[in-house]
Amino acid sequence: MGVDNPFTPTFGRMPAVLAGRKELVRDLVAALESHGSDPNLCSLFTGARGVGKTVLLSYLASQAESFGWISANVTARPGMLEDIIERATEAADDFVGRPAFRWITSVTVPKLFGMTWEYRDPSSGNWRTRMNKLLDVLSANGIGLLVTIDEVDPNLDELIDFAATFQHFVREQRDVALFMAGLPAHVSALLSDRSASFLRRAAQHSLGRIANHDVRDAFQETVEDAGRFVNDEALDIAVAAADGFAYMMQLVGFRAWAAMSDTKVMTAEHARRGAALAHQDFINGVVKKTCQELSDGDMAFLEAMLADEGRPSLVADIAERMGKSTNYVRVYRTRLLEQGVIDAPRRGYVTFEMPLLREYLSDDGA
């Protein structure tokens, strides 16, 4: 009987082993443990698609329970505010019902269960009033509320309303925390909104590539924890193919594991097969989608970078190839940097940041 594939190439699905981010996770967990005024209790995470933003949110939410928090985990979309109340109420009901938390007295438990209907009933007050009632009950039982919001959308009115209201919870010294994640351009646009100015004081964390040694360790540990082995050559191939992206690592691992069938050791052949299939998965699921969202000017800028064949591109050269002024192309440089598509390794130069984007454009995939 085969062993279940331990790799999880599904956006947001918790991997068996979290690769990298050790120092960041340590700081954020310490903030949750403190229940105090640590600035990390209000954090914004930015990064390109595939760097592991959603997985990080899920991991932190799972860790929060160990320190007396419940979490309401939502995506920025219409209905988000009601979803926060529903998810928080569900989490509270579940939290106090566990035997491990019998320190909550039998007197307060019925109070929590008995009041939940008020949070769901719009006639009992506006969203802030209903949240205050929920937070009052949580506070009485020594429970904090962590809200995680994924896929930040600066055009969502509910997100702006939430940010404007959440600052009042902080000012009132409520036991609350907020973790939000999104593409750099979307978070930047949100911070420019006057109603969300409170978020400009949040701790901002840019999630870049994961170090190769961390990818290697996580990949090997995932395979071995599932009862199999991976040789050094296969590890080298897998790490190179992952290119520091958490999602790519899971894709390569998933495909390579499937190629193993019932064998016990992942070889270079398995890894090469996995890498080839994972690359196509990533192009179809991430690269093409990103290119569809870019403007004609964005795409022209990227295509002008191809002549450098993977070397850092001088912005002045890009302007010349596009037949535009340097000031004109800097607009697109800024846009692409904010979206995590390119990087600026040094002044005046840019490189491709998203894995396989250069290869996709070189093959006339756009």
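The following legends describe close-up views of a predicted model.

**View 1. Three strands form an open antiparallel sheet.** The strand order is S8-S10-S9. Strands S8 (313–314) and S9 (342–343) are at the edges, each with a single partner strand, so one side of each has no neighbour in the sheet. S9 is joined to S10 (residues 349–352) by two bridges, and Ile342 has Phe352 as its bridge partner in S10. Helix H12 (residues 296–305) lies across S8, S9 and S10, at about 95° to S10.

**View 2. A salt bridge connects Arg321 and Asp308.** The closest N and O atoms of this pair are 2.8 Å apart. Arg321 belongs to helix H13 (residues 315–322), whereas Asp308 is in the loop between H12 and S8, and the two are 13 residues apart. Asp308 counts as buried because its relative accessibility, 8%, is under 20%. Arg321, with a relative accessible area of 38%, is partly exposed.

View 3. Asp232 is exposed at 52% relative accessible area, while Arg216 is partly exposed at 24%.

**View 4. Glu172 and Arg174 meet in a salt bridge.** The N to O distance is 3.5 Å. Both side chains belong to residues that count as partly exposed, Glu172 at 36% relative accessibility and Arg174 at 21%. Through shared partners, salt bridges join Arg128, Asp136, Glu172 and Arg174 into one network. The model has a count of 16 salt bridges.

Conventions: Residues are numbered from 1 along each chain as its sequence is written. This is a predicted model: local features need pLDDT of at least 70, side-chain atom pairs count only at pLDDT 80 or more; totals for chains, interfaces and linings use all residues. Side-chain values use heavy atoms; hydrogens and water are left out. Two strands pair if DSSP finds at least two bridges between them. Helices (H or I, at least four residues) and strands (E, at least two) are DSSP runs, numbered from the N terminus. Contact means heavy atoms within 4.5 Å. Axes are lines fitted to C-alpha atoms, for helices over the stretch in contact, and angles run from 0 to 180 degrees between N-to-C directions. A salt bridge is a side-chain nitrogen of Lys or Arg within 4 Å of a carboxyl oxygen of Asp or Glu. Buried means under 20% relative accessible area, exposed over 50%, partly exposed in between (1.4 Å probe, protein chains only).
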